[in-house]
Amino acid sequence: MEPAAKPSLGALLLALVPFGGMCFSVALWDRVEPRIGGIPFNLVWLVGWIALCSVCLWGAYRLETRREKDRGRE
Amino acid sequence: MSPSAVALTTIFGLVAVGTTIGFLAGMRRKMDLEQWTVGGRGFGVIVVYLLMAGEVYTTFAFLGASGWAYSRGGPTLYVLAYLPLAFVVSFFVLPQLWSVARRFGMQTQPDFFSVRYGDKYLSAFVCIVGVVCLLPYFQLQVTGLGIIVSIASFGGIGRTPAMVISVALLAAFVLASGIRAVAWVSILKDGMMLIAAVAIGVGIPYLYFGGIGPMFTAVTHARPAHLTMPGATKNLGHTWYITTVLLTSMGAYMWPHAFASSFTAKSGDTLRRNAVVMPLYTISLAFIVFAGFSAVLIVPGLANGDLALLTVVRRSFPPWLLGLIGGAGALTAMVPAAILVLTAATLFAKNLWRPIFAPAMADAQVARLARAMVVVLSLVSLWLAIYSSSTLVSLLLLGYAGVTQFFPGVVLGLYWNRASTVGVFAGLVAGIAIATLLILSGRDPYLGWSAGFLGLCANFLIAIVISGLRRYPVHD
C-alpha cells in the first residue's frame, strides 16, 4: 500500500485556523461578558466559529480540488 | 386520556412510523451479509449524508449535552467545539481512506488494519477494542430510551421495564431491516430533532424568562460561575477542555461505525464536500445547550442531570408536545443504536470469529452469527444500562478514550510508509493501557489532562519511535 498523497500546505494551514479559534485559545474567550444579545460571550464565540469552520474547509476544498485538477493535466 | 397516556401514545406512534419506514426501505431486497451491513455498497450522496448525520445526532446530544449544561455548566462547551473540528480532521483522513478501501475491497475498520499492516492479531485486537468501546455508546442510547419512556409515563413505567421494552423493539428493528432502513429512518429522526431542538431551546427560555437573553441574565445572577469553565466542577478547566476537544475531534471518525460509513460513499470528493457542510449542522446543538442552562433555574436539584431536559419539557408543555419531543428523542436513540449494534455484531462475526476460530465459515453462516450477536449484544447493553449509574456524557467519553487510540495507526498508516506493525501495535496497546488504568482508578482527568489524550500522546510517540528505528519499511 503506497502512502496517500500529502495534502497541500495551504489546506493544512486553513485547517489549523479553526483549531486555533475553538480549541487552543479557550483561555482568551471563555468569559460571560461582553454578552451579545444577552448570550454569553463564550457561546457566541463558539457558534460563530462553527460557521467559520465551514468557511475554512470550503477554502481547503478549493485548494485541494484545484491541485488535483492541475495534477491530472500533467 | 390521562397525560401519560397521551404522551406515551404519541411516542410509540412516532416510533411505529419510523419503524414502518425502515421495514419498507428494507423490503424487496435479498438480505445477504453485504446488503445487511454496508447496503451493498451502493449508497448515493444523499443516503451517505443521512447516515453520517444520523450518527452525529444521538441521545448523547439530546439528553447528555443538556444534562451536562445543567449539572456541569461551562465544560459542556466542548461539545460545540469537537464536532465541527472532527469534520476538519475527517477532511484529511476519510477521502484517503475511501480510496484505499475501494482499491482493497475493505468493509470494516479491522479490514484496514489487516490490509495495511498484514497482521491478523493486530486486526483482531482492533476488532475487540472496537466492540468493547461500542458497548458503552450503545448502552448510552438504551439508557436514554429508558429515561424518555419513564419520564413520559409520569413515573408510571419504571426505567428498567422501559429499557427492556426499548431493547426488544430495537433488536427486532435491526434484525428485520439492516443498514439501509436505518439510513432512511434518519430523515424522519433528524427533521423531528431539529424542530424539537429549536422549540425547546427557544420556547423554554421564552416561557419562563421572556427570552434567551433574559434567561442568561438570570442564570448569571443566580450562579455566576456556572457558564464558564470549570463551571460546577472542580477539575474540568481549560487544560481539560483543550485535551478533550483534541481527543474527541481526532476520535470521532475512529468509531468503527463512523469509520466504515465512509466506505459506503461513491467518491472521495463526496466525503470532502460532506466535511465542508457538516459543521453547520452542529449549530442546532447550541439550542439544546440553551435548554440545559434554562433548566438550572427551573428544576434545580435533580440528582441526575440527564433527566433535566425532559423534566423541564414535561413541566412546560402539554402532553402531546412532550410526546412529540420524546418521540423525536426516542428515534434519536434508536437510529444510532441500530447502527452501533449492527456494526459491533458484524465486527465480531466477520473480523474476530471467522479469521481466528472458523476460517472455513461461509458468508451465510457469518450473517447468521452476526444476527445472533445482535441479540447477545443487546442483552449485554441492557444489563449494563440497568446496573450502571454513569451519566450519558461520561459513557461517551469512556468510549472515546478507547477508539481514539486507533488514530495513530490510521493516520500513520495512510501517510507514512515506514509506519510498522510492531510500532503501531505497541503504541495502541500502550495508549489503551494508560487510558484504561487512569480512568478505572478514578484519575480522569489526570492533573487536568484528559486521560484518553495522555494515552494518545504515548501511543503516537511509541508508534513513531519504534517505526522510525526500523531501517526499511516493513510493507510496501
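Biologist: How many residues does the contact take from chain A and from chain B?

Modeller: In this predicted model, 35 residues of chain A and 42 residues of chain B take part in the contact. A residue pair counts here if the C-beta atoms lie within 7 Å.

Biologist: Which elements of chain A give two or more residues to the side that touches chain B?

Modeller: Those elements are α1 (9–24), α2 (26–29) and α3 (41–73) of chain A. Among them, α3(A) gives the most, with 13 residues.

Biologist: What makes α2 (26–29) of chain A a helix?

Modeller: A helix needs at least four residues in a DSSP run, and α2 of chain A covers 26–29. Chain A has three helices and zero strands, in the order α-α-α from the N terminus.

Biologist: What kinds of residue make up the side of chain A that touches chain B?

Modeller: That side divides into 25 nonpolar, four polar and six charged residues. Gly counts as polar in this division.

Biologist: What share of chain A is called buried, and by what cut-off?

Modeller: Buried residues are 30% of the 74 in chain A; each has 20 or more other C-beta atoms within 10 Å of its own.

Biologist: What share of the contacts in chain A with a separation of 6 or more joins residues 24 or more positions apart?

Modeller: Such residues account for 65% of those contacts in chain A.

Definitions and conventions: Residues are numbered from 1 along each chain as its sequence is written. Chains are lettered from A and ligands numbered from 1 in the order in which they are written. This is a predicted model: local features need pLDDT of at least 70, side-chain atom pairs count only at pLDDT 80 or more; totals for chains, interfaces and linings use all residues. Two residues are in contact if their C-beta atoms, placed from the backbone, lie within 7 Å. A residue is buried if 20 or more other C-beta atoms lie within 10 Å of its own, exposed if 12 or fewer, and partly exposed in between; C-beta atoms are placed from the backbone.
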